[in-house]
Amino acid sequence: MSCADSIANMLADAHFSCYFSKVSPSALDCPEPIVVLDGEFKRDSRMAEEERGSVSVTVLVVREVSADAEDVATSAERAVSRADWEPYADAGTYRIVGMDTTAPVFKERDSSGRFVWSFEVACTVVRAL
């Protein structure tokens, strides 16, 4: 389990029934995925038994139509920012103690010509030592 898994579970529980992945799948395998990617842990402080820091999770919404990608990304970001994150706090080696989101932005057109919109979820985490 990871922070990305926690965010994906949160989105699934918010009724985003799209395919979730940790890698961007081929358009042949899944034409319109939501891809959830973990960033690296950045330590802010260290104490005797734990360290605190953050993990940035990137959420990519891939759609054939730009307006659809924007709408789904906006809805997904709102779902994450308004959700009670505590049921999703167990993220394996980390425990999520807070989260914040950025506004969705257009990222690119992928190699298949699909539109990709993204937003970031900044997870404040604690890791036991």
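Q: What follows α1, and what is its phi?
A: His15 follows α1, and its phi is positive, near 75 degrees. The model is a predicted one.

Q: Which side chain reaches a backbone nitrogen at the start of α1?
A: That of Ser2: one of its side-chain oxygens comes to within 3.3 Å of the backbone nitrogen of Ala4. Ala4 is also among the buried residues of α1.

Q: In what order do the elements run from the N terminus on?
A: The order is α-β-β-β-α-β-β-β-β, made up of 2 helices and 7 strands.

Q: What does the radius of gyration say about the protein?
A: The value is compared with that of a compact globule, which for 129 residues would be near 14 Å; the protein has 15 Å, so the two agree. Along the principal axes, the C-alpha atoms fill a box of roughly 50 × 25 × 25 Å.

Q: Among contacts between residues at least 6 apart in sequence, how many join residues at least 24 apart?
A: The share is 62%. Setting aside neighbours within four places in sequence, Thr58 is in contact with Val35, Val36, Leu37, Phe119 and Glu120.

Q: Is Thr58 buried or exposed?
A: The cut-off for buried is under 20% relative accessible area. Thr58 has 18%, and therefore counts as buried. Its side chain makes a polar contact of 2.9 Å with the side chain of Glu120.

Q: Where is Glu108, and what does it touch?
A: Glu108 sits in strand β6, residues 105-109. Not counting residues up to four places away in sequence, Glu108 touches Arg114, Phe115 and Val116. Glu108 counts as partly exposed because its relative accessibility is 36%. Pro31 is 77 residues from Glu108 in sequence, and their C-alpha atoms are 16 Å apart in space.

Q: How many charged side chains are there, and how far apart are the centres of the two sets?
A: There are 13 positive and 22 negative side chains, and the two centres lie 4 Å apart.

Key
Residues numbered from 1 in each chain as written. Predicted model: local features only at pLDDT ≥ 70, side-chain atom pairs only at ≥ 80, totals over all residues. Heavy atoms only, no water. Helix = DSSP H or I, 4+ residues; strand = E, 2+ residues; numbered from the N terminus. Rg over C-alpha atoms; globule rule 2.2 N^0.38 Å. Contact = heavy atoms within 4.5 Å. Lys, Arg positive; Asp, Glu negative; His and termini not counted. Charge placed at Lys NZ, Arg CZ, Asp CG, Glu CD. Buried < 20%, exposed > 50% of the residue type's maximum accessible area, 1.4 Å probe, protein only. Polar contact = N/O pair within 3.5 Å; in protein donor to acceptor, adjacent residues only side chain to side chain.
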